Amino acid sequence: GHRILQTIKSPYPAHNVWRRNEAVASDTIYSEVAAIGTNGQKIAQIFVGRTSLVIDIFGMSSEKQFVNTLEDVIRSRGAMDKLITDSAAVEISKRIGEILRALCIDDWQSEPHYQHQNFAEHRWKFYKRNIQWFMNFRDVPGYAWLLCAEWIADVMNMTAEKSLDWRPPLQVLTGQTIDISVMLCFLFWDVVYVTRHKDKSYQAQIGSEKSSEIRGRFVGFSKHVGHALTFKILTDDTRKIIHRS
């Protein structure tokens, strides 16, 4: 018979990663106001599926964190066939090249000063218009721009697109019918009340100085906490984000 030798490292790391079978375009966006709950982040990186139109957005403290956002989008969506970016130094760095090489991902950059060649620029115009319209519609303060952008991306990913034969982007990417139940409960910046948990200053006794409920704002979906109907709440008193179902 054949002898199987022990291997310490994977001979082909690209085989250990889910493939999304499409090119993905990326672009960097900037804000004048630091996003709440992020320790002062004013930058975000967006990734747009060239075929599926799925949008992912990640906050950044500096442009150098592009490599971390690339790893995050690969971890959550799978490895793309090609990465489309501008010619920014951080997007064509040695570290980026190592990741793309290890996962067998092709790359392409637009010409300097020809940003319109990047597909992410085209999708960003539509995405940005939705964010601005909704923030104006609900009178959302500027510091919630990143939270609103994440929520808008989630809604767009679960909403049917005419250019996709009236299929949601996530369905095109995954091949699965999308459950939109989580999207029907609240609108971004809705006022909500959630149960206050016990702590040193609140013991859930009758006559407590603190209310048994916390008032806050719905600011998105909790993708990594709790069950499918768990939400992110920005509390009025502490200005921190908590997760409640």
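The charged end of Arg50 sits over the ring of Phe119, 4.1 Å from its centre; the rule asks for NZ of Lys or CZ of Arg within 6 Å of the ring centre and within 35 degrees of the ring normal. This is a predicted model, where local features need pLDDT of at least 70, side-chain atom pairs count only at pLDDT 80 or more, and totals for chains, interfaces and linings use all residues. Residues are numbered from 1 along each chain as its sequence is written, and side-chain values use heavy atoms, leaving out hydrogens and water.

**Aromatic pairs**

- The count comes to 14 aromatic pairs, where rings of Phe, Tyr and Trp (its six-membered ring) pair if their centres lie within 6.5 Å, with planes under 30 degrees apart called stacked, over 60 edge-to-face and the rest tilted.
- Phe186 and Phe231 make an edge-to-face pair, 5.2 Å centre to centre with 90 degrees between the planes.
- Phe186 belongs to the loop between α5 (169-174) and β6 (191-195) and Phe231 to strand β8 (residues 231-235), so their pair ties together parts 45 residues apart in sequence; helices (H or I, at least four residues) and strands (E, at least two) are DSSP runs, numbered from the N terminus.
- Phe186 is partly exposed at 27% relative accessibility, while Phe231 is buried at 7% (buried is under 20% relative accessible area, exposed over 50%, partly exposed in between; 1.4 Å probe, protein chains only).
- Trp133, Phe134, Phe137, Trp151, Phe188 and Trp189 are linked into a cluster by ring pairs.

**Cysteines**

- The whole structure holds zero disulfides, a disulfide being a pair of cysteine sulfur atoms within 2.5 Å.
- Cys148 has its nearest cysteine sulfur, that of Cys185, 18 Å away.
- Cys148 is buried, with a relative accessible area of 0%, whereas Cys104 is exposed at 57%.
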